[in-house]
Amino acid sequence: METAFIQTPLGTAKLEGDENGLTVITVLDTDETLTDIIPVELEDAAYQLKEYFDGSRTRFDLLLNPSGTDFQKSVWKALQEIPYGKTVSYLDLSKTLGDVKAIRAVASANGKNPLWIVVPCHRVIGSDGSLTGYAGGLHRKKWLLEHENPVKQQSLF
């Protein structure tokens with residue numbers, strides 16, 4: 001398993017993976033020494049994340065290999081279908097997966113997503129439009145949603 005630490009506007013991100021795909025992307029609340037030479041298995045992920053933060057990438061094309069239950073993987077697959085710049089509620093996501101009653105299980109799987117940004121769990125909000133829990137912190141969720149918003153707020157002054 002290869003590991004790399006890259007800088008993002010939201011802090012240091014840790015990438016893990018191998019020839020079978022990316023297993024983890026997480027943002028850290030601690031400073032880590034950035035990786036000088038990105039392992040070949042993680043180069044594409046690092047490059048695509050840079051493009052995302054630069055605003056030139058709206059969809060990722062990476063080989064993913066997260067660890068999780070079949071149910072969690074089904075939720076993470078559904079998350080990847082949420083378009084850039086759009087949000088859905090946990091209830092909407094439960095309906096998409098075919099079981100409205102599974103809302104808590106869907107929320108739990110969403111919270112265990114090991115692939116920050118690439119599997120866009122930040123695009124899931126409360127039914128009332130509120131920014132509900134986010135493993136990376138609500139300040140990061142807010143930043144990501146604003147970054148993806150097609151209508152940028154203009155300054156009046």
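## Pockets

A pocket is an open set of points on a 1 Å grid over the protein atoms alone, where a 1.4 Å probe fits and protein lies on both sides within 12 Å along at least five of seven lines, and its lining residues have an atom within 4 Å of a point. The model is predicted, so that local features need pLDDT of at least 70 and side-chain atom pairs count only at pLDDT 80 or more, whereas totals for chains, interfaces and linings use all residues. Residues are numbered from 1 along each chain as its sequence is written, and side-chain values use heavy atoms, with hydrogens and water left out.

The second largest pocket holds about 220 Å³ of space, a volume being the space filled by probe spheres set on grid points that are joined across faces, edges and corners. Of its 17 lining residues, Gly111, Asn113, Cys121, Ala135 and Gly136 are the closest to its centre. Strand S3 (21-27) and helix H4 (103-111) are the elements that give two or more residues to this lining, and the largest share, 4 residues, comes from S3; helices (H or I, at least four residues) and strands (E, at least two) are DSSP runs numbered from the N terminus. Because domain 1 (2-54) and domain 2 (70-148) both contribute lining residues, the second largest pocket lies between them, with the domain bounds coming from an automatic or database domain assignment.

## The largest pocket

About 340 Å³ of space lies in the largest pocket, which is lined by 21 residues, with Arg59, Phe60, Leu64, Gln80 and Val118 nearest its centre.

## The open sheet

Three strands form an open sheet in the order S1-S2-S3, with antiparallel pairing, where two strands pair if DSSP finds at least two bridges between them. Strand S1 (2-8) and S3 each have a single partner strand and stand at the edges, so one side of each is left without a neighbour in the sheet.

S1 is joined by 7 bridges to strand S2 (residues 11-18), and the two run antiparallel. Within this pairing, Thr3 has Glu16 in S2 as its bridge partner.

## An aromatic pair

The whole structure contains 5 aromatic pairs, for which rings of Phe, Tyr and Trp (its six-membered ring) must have centres within 6.5 Å, with planes under 30 degrees apart counted as stacked, over 60 as edge-to-face and the rest as tilted. One of them is the tilted pair of Phe53 and Trp116, at 6.1 Å centre to centre and 40 degrees between the planes. This pair links distant parts of the chain, since Phe53 is in helix H1 (residues 40-54) and Trp116 in the loop between H4 and strand S5 (124-125), 63 residues apart.
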